[in-house]
Structure formats: C-alpha cells, structure tokens
Amino acid sequence: MVAAKKEKPVHSLIAGSTAGAIEAFVTYPTEFVKTRSQFGGQKEGPIKIIKDTIRTKGITGLYSGCTALVVGNSLKAGVRFVSYDHFKSMLADSQGKVSAPRSLVAGLGAGMMEAIFAVTPSETIKTKLIDDAKRPNPQYRGLIHGTVSIVKQEGLSGIYRGLFPVMMRQGANSAVRFTTYSTLKQFVQGTARPGQPLPGAITFGIGAIAGLVTVYTTMPLDVIKTRMQTIGARTQYRNSFHCAYRIFTEEGIFTFWRGTTPRLARLVMSGGIVFTVYEQIIKVLGGREP
C-alpha cells in the first residue's frame, strides 16, 4: 500500500511538462534509432543506422523529428502526471492508501489520457518526419511544414494514425511504470530510509528499473504503433490487428521486439530522468499536500 499524497494539479503539470521536455531532448537519438530500426524493409542495426545517418545528414540527422517529440513529450508528461495523481486520489481508500492493483488502474487511465491528448499526434508526426528524412529528396521542411503537409494530404486523421496501438502502449507503459516505481519507492522508503525523502541517485535508479520492466512488456505494441504511423501505412495495413498479423506471418514473432536495444537505452534513461526531475521540481514548488 502506498500513501496517496497529492500534488496540486498545477504543480504536477509544471513538473511533469518540464521533466518530459528535458527527457525527450536528452534521449532523442535513441528514439530516432529505435524508430528507424522498426520500419519495414531491410533490417538495420543501431550502429549502422547511426553511422549512415551521420555520414549522410551529419550529427543533426539524429535529431530529425526531435521538435515534435520534445513538444509532444512535454505535453504528454504533464497530462500523465496530472491524470495519474487525479486517478490515484479517486481510487484511494478511506485511509488515503492506494494498493498496487489500484495504482495499476490509475496508471492505465493516465496512459490512455496522454495517448489521446498528446502522444498519438506528436509521435505520428515524428515518425513521418523520420521516415521522410531518410529519403533522397525529403518533402517536409521541419515540424510546422511537415504537420501542415500531413494534414493537407491526409486530414486530421493523418496525425491520429495508430491511435489504438498508442492507447494500448501508453496505457500499458504508464500502468507498468508507475506501479513498478511506486512499489520500489515504497519498499526502499519502508526498509532502507523510513520516513526520509529519497536522494536523487536512488530515485534515478528506481525510475531506470521501472523503465527496463516497461520496455520488455510493451515492445510489441510499440512496433505496431511505429508501422501504423509510417508514410505508406494507409496502403499496407487495414488496421492495427491486420498490421500485427502481417508482421507475425511475414517477418516472424521476434520482429515485435525489433528496436528493443535503443528503446531500452531510452526508457531506462527516461525513467531515471523523468522521475528524478519531477520529484525535484515538486520539492522546489512546495512539496505534496497531505
């Protein structure tokens, strides 16, 4: 059981948004490599993708689509933490405690909210920008031009491609990540440091472990999401289930874990960075309400 100490919504929004923006920028090259490795066609390893990108596009090539993810990640993290705290408060018992199963439900709800309001549009645009950037003659000249072009060509539905797998992935991500983080944090505070705030290094380590667990449990949903958001997805896949079926029958089950290494690098760092920055900003803003 974990105590349901509540952050003020505006504090959750500020801390979450800041943590999300910092995390996205620091870890973006791993996200770029992960996304490229999940495209259909010839399989490319992470090192080859990095070498080829730097050779043809320079170091800035590893940041293709970065702005879309930084903006989206900032909004996503803000929505995630505000939603999680709200659902956690709703699910607390009469003593203000939240059990692990209820924390899982709160995380699932938070993930669904962030998928609808932030993740799907930003990741669809990011994926299309990365897909476009590897072509000999890219058609998009950055975030704004790319977004306008996508909407003109495909309508608003063009930036909501893959909504279902994104909702499933984000729901699973947040449910697993928050539950793992809360459980480990409660264990450490209850055994090694009872009644004391955790130092940044321990918070980072707990967040990193939560990121590792999240990667392996949700990777297939991430691969389906990426395929559904590529430029030619409308002509290849009827829906997410058809996409999953084609991947399984044409490329094999292990394809669902393609891109695990760079995503693992990102989410381990991401978990550490996001939770550490979030906790520190909450402290600066005045801590939690009882």
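## The largest nonpolar core

In this predicted model, the largest nonpolar core has 19 residues, of which Phe81 and Tyr278 touch the most other members. A nonpolar core is a set of buried Ala, Val, Leu, Ile, Met, Phe, Trp, Tyr and Cys residues joined through side-chain atoms within 4.5 Å. Buried means under 20% relative accessible area, exposed over 50%, and partly exposed in between, with a 1.4 Å probe and protein chains only. Two or more residues each come from α1 (9-38), α3 (66-91), α4 (100-133), α6 (163-191), α7 (200-228) and α10 (260-284). The most come from α10, which gives seven residues. Helices are DSSP runs (H or I, at least four residues), numbered from the N terminus.

Another core, of twelve residues, lies apart from this one, and Val215, Met228, Cys243 and Ile247 are among its members.

Residues are numbered from 1 along each chain as its sequence is written. Local features need pLDDT of at least 70 and side-chain atom pairs count only at pLDDT 80 or more, while totals for chains, interfaces and linings use all residues; side-chain values use heavy atoms, with hydrogens and water left out.

## Aromatic pairs

The count of aromatic pairs comes to nine. Rings of Phe, Tyr and Trp (its six-membered ring) pair if their centres lie within 6.5 Å; planes under 30 degrees apart count as stacked, over 60 as edge-to-face and the rest as tilted. Phe81 and Tyr278 have ring centres 3.8 Å apart and planes at 10 degrees, so this pair is stacked. The pair links distant parts of the chain, with Phe81 in helix α3 and Tyr278 in helix α10, 197 residues apart. Phe81 counts as buried at 4% relative accessibility, and Tyr278 counts as buried at 4%.

Tyr181 and Phe275 also form a stacked pair, at 3.8 Å centre to centre and 5 degrees between the planes. Tyr181 is in helix α6 and Phe275 in helix α10, so the pair ties together parts 94 residues apart in sequence. Both Tyr181 and Phe275 are buried. One aromatic cluster is formed by Phe81, Tyr84, Phe178, Tyr181, Phe275 and Tyr278.

## Surroundings of Phe81 and Val274

Contact means heavy atoms within 4.5 Å. Leaving aside neighbours within four places in sequence, Phe81 is in contact with Ser12, Gly16, Phe178, Val274, Phe275 and Tyr278.

Val274 is in helix α10 and counts as buried at 2% relative accessibility. Not counting residues up to four places away in sequence, Val274 touches Ala19, Glu23, Arg80 and Phe81. The C-alpha atoms of Val274 and Thr124 are separated by 22 Å, and these residues are 150 apart along the chain.

## A buried glutamate

Glu114 is in helix α4 and counts as buried at 0% relative accessibility. Not counting residues up to four places away in sequence, Glu114 touches Lys76, Val79, Arg80, Val119, Gln170 and Ser174.

## Crossing of α1 and α4

The axes of α1 and α4 come within 10 Å and cross at roughly 70 degrees. Axes are lines fitted to C-alpha atoms, for helices over the stretch in contact, and angles run from 0 to 180 degrees between N-to-C directions.

The contact is made by Tyr28, Glu31, Phe32, Lys34, Thr35 and Arg36 of α1 and by Lys126, Thr127 and Ile130 of α4.
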